[in-house]
Amino acid sequence: MLFTSKLKPTARNPLSLFAYSSSSVCTLQHNLNLILHNTMTTTDLSDYKIIKEGEAEILMHAKNEVFYNKAQVNNRDISIAVLRTFISKRKEEHEAMLSKRMKRAPKVSENNSSKSVMEEEVPQETPLEDHKSNGECKIEEEISPEEVELCSAMEESVKTTEECSAMEEQINHTEVKGQRDLKPPKVLEALSASGLRALRYAREIEGIGQVVALDNDKASVEACRRNIKFNGSVAVSKVESHLADARVYMLTHPKEFDVVDLDPYGSPSVFLDSAVQSVVDGGILMCTATDMAVLCGGNGEVCYSKYGSYPLRGKYCHEMALRILLASIESHANRYKRYIVPVLSVQMDFYVRVFVRIYTSASAMKNTPLKLSYVYQCTGCDSFHLQPIGRSISKNTSVRYLPGYGPVVPQECTDCGKKFNMGGPIWSAPIHDQEWVASMLADVKSVKARYPAYDRISAVLTTISEELPDVPLFLSLHNLCGTLKCTSPSAIMFRSAVLNAGYRISGTHVNPLGLKSDAPMDVIWDIMRCWVKTHPVKTQPEDQPGTVILSKEPVLEANFTRAVASLSKAQAKKVARFLPNPERHWGPKLRAGRQITSKHVSLLGEAAVNGVLNQEAAVNGVLNQETADNGVVNEEDNEEPKSKKPRTEDDITS
């Protein structure tokens, strides 16, 4: 027996959940070594630690051979919530499609029956009718042998035709039956690393089908296969790991996966073209981008080369990053007569994450220019304006597509007189499906114990559910006051002034101080002018943007009386919407395989870095001691690098 009587393996995980006494620790380690002997290069379990997240557990090596980031628990939890909603929505759509077919079926059968009645009324002549009597074929003497052969050949052809029609009916019946049976969704995790995400999908999502985990790193694939076995029979039956280039694999499996998950270390741009081809019609693509410095305007030319859009460094830069990524995915999909429908777009921690459904339609693809816009941002007052790329004109039943009107702004800002920077194109259509968000939020709250990051993802989904879906980008109240050099009104007062002016306003999940509104910038500045009249500012130089703005009289008389809807539902119920990080150094981690040094303190923390360095020093000390005991001395190890050796007279003369 592999396990002793002291160990009590559970059916869920035979390796990690044991009830054992202190005397059986050695036995447990020995058994684990035997189990992992075929999949691990070393049998020393002290080099590994067990990480549990949700219902999945993985073995992680201390040398950082395979990438794992604890902060991505938010990413994985929200992906599971989206997949659960996708499975239920997919089932509803399939049932609706079947019901439509059932309604059409009686009409088709009536038409077929009327045709058959008409055919029965018309007498059909058969060439063999004169030669049949009581079901037998009697051949007269006048018929030649050639005619007899012709008769038999015609009989065989009639039988063959009847058999073929029967087979066709059987095949059609099988196809209809196959269409009625909805297969479990097939998932591809294109960049799996340790396989934790794939294992969580397989173990925590009801109704999930096969999960394929890919990686082009041999150590990652070995770790993934080890973790699949470590998680028991459910993981073994559903998850499979392959050593392959994700781009090649997706290109060679077109329209095969219902779900494709892209979560790379950095930019996903090189995977988008193949990813949009591997998703089935109506399937979902989940994509993460962690190169926020590029997407938020730190390197505009790099962003343009990767995503085809130029970013702007405004307060809304993180939402613009989301919309740039969506526009890039749409661009790749359009090349194959496909288009996207976003269901959820999230910016959290240090990355952006989008969930889009992909469909194929050459006619619907023509609407893409209507969903994209260029952004004009003033260099003085940070006012922004959007210019759609295209427009459409409907006449009777036809739709005509035309280029968008422009320019939407003059050479100089009408508010402060400064120039404009132009960025984009960005996705200016809605980035969320509010029906999906409501379903996800209800599902998350119903099974909160199954989400390790419940507090964070419920707060994010709550904020998203209250966003204005048709308003791209947002304003920052503190930024407006910084331009005018005035004290800031409270968010409730500013919201009330916008609502009393007849416009809509909401918060945004991207920034706690961000405000989305459909009010034009003229109205926003008039509200601020009215505020400054009751809260005067110091005299500023005449060339300052704030001075130019305040020199104009407001056209709109702002009303700061508190409006009923000035507080969102979440604020009224005192529901937390923006939570602090659960621990220090919560953010991006080191790429797999890189050696941890003292310069990584800001990423990992001083305790973690010192622990790794001390462990390496202890290992090196043991190795050096063993080498010295064996009498083997490496002269190169004892020799100092030339750059660190003190210079002598010989070095100077040479």
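**View 1. Tyr316, a buried ring in an aromatic pair.** At a relative accessibility of 2%, Y316 counts as buried, because a residue is called buried when that value is under 20%. The model shown here and in the views that follow is predicted. By the rule for ring pairs, the count comes to five aromatic pairs, and one of them joins Y316 to F384 in an edge-to-face arrangement, with 5.1 Å from centre to centre and 65° between the planes. This pair links distant parts of the chain, since Y316 belongs to the loop between α10 (300-307) and α11 (317-334), while F384 belongs to strand β13 (residues 384-388), 68 residues apart.

**View 2. The tilted pair of Tyr249 and Phe257.** Among the five aromatic pairs is the one formed by Y249 and F257, whose centres are 6.3 Å apart and whose planes make an angle of 35°, so that the pair is classed as tilted. Are these two residues buried or exposed? Both Y249 and F257 are buried.

**View 3. An arginine over a tyrosine ring.** R391 lies over the face of Y405, and the distance from the ring centre is 3.8 Å.

**View 4. The open sheet that contains β13.** Three strands make up this open sheet, in the order β13-β12-β16, and their pairing is antiparallel. Its edge strands are β13 and β16 (420-427), each of which pairs on one side only. On average, neighbouring strands of the sheet are turned by 25° against each other when direction is ignored. Between strand β12 (residues 372-378) and β13, the antiparallel pairing extends over five bridges, and within this region S373 stands opposite P388 in β13. Helix α11 lies across β12 and β16, and it runs at about 55° to β16.

**View 5. The sheet of β17, β19 and β18.** A further open sheet is formed by three strands in the order β17-β19-β18, again with antiparallel pairing. Here the edge strands are β17 (475-476) and β18 (505-506), and each of them pairs on one side only. Which strand pairs with β18, and over how many bridges? Strand β19 (residues 514-517) pairs with β18 in the antiparallel sense, over two bridges, and S517 in β19 is the bridge partner of I505.

View 6. Helix α8 (residues 269-278) is largely enclosed by the rest of the structure, because eight of its ten residues are buried. The buried residues of this helix are S269, F271, L272, S274, A275, V276, Q277 and S278.

**View 7. The whole chain, as a setting for the close-ups.** The protein chain has 23 helices and 19 strands. Of its 654 residues, 42% count as buried, and the chain exposes about 35900 Å², of which carbon and sulfur atoms supply 53%. Among the contacts between residues at least 6 apart in sequence, 67% join residues at least 24 apart.

Terms used. Residues are numbered from 1 along each chain as its sequence is written. This is a predicted model: local features need pLDDT of at least 70, side-chain atom pairs count only at pLDDT 80 or more; totals for chains, interfaces and linings use all residues. Side-chain values use heavy atoms; hydrogens and water are left out. Rings of Phe, Tyr and Trp (its six-membered ring) pair if their centres lie within 6.5 Å; planes under 30 degrees apart count as stacked, over 60 as edge-to-face and the rest as tilted. Buried means under 20% relative accessible area, exposed over 50%, partly exposed in between (1.4 Å probe, protein chains only). Helices (H or I, at least four residues) and strands (E, at least two) are DSSP runs, numbered from the N terminus. A charge sits over a ring if NZ of Lys or CZ of Arg is within 6 Å of the ring centre and within 35 degrees of the ring normal. Two strands pair if DSSP finds at least two bridges between them. Axes are lines fitted to C-alpha atoms, for helices over the stretch in contact, and angles run from 0 to 180 degrees between N-to-C directions. Contact means heavy atoms within 4.5 Å. Accessible areas come from the Shrake-Rupley method with a 1.4 Å probe; for residues, only the protein chains shown count as cover.
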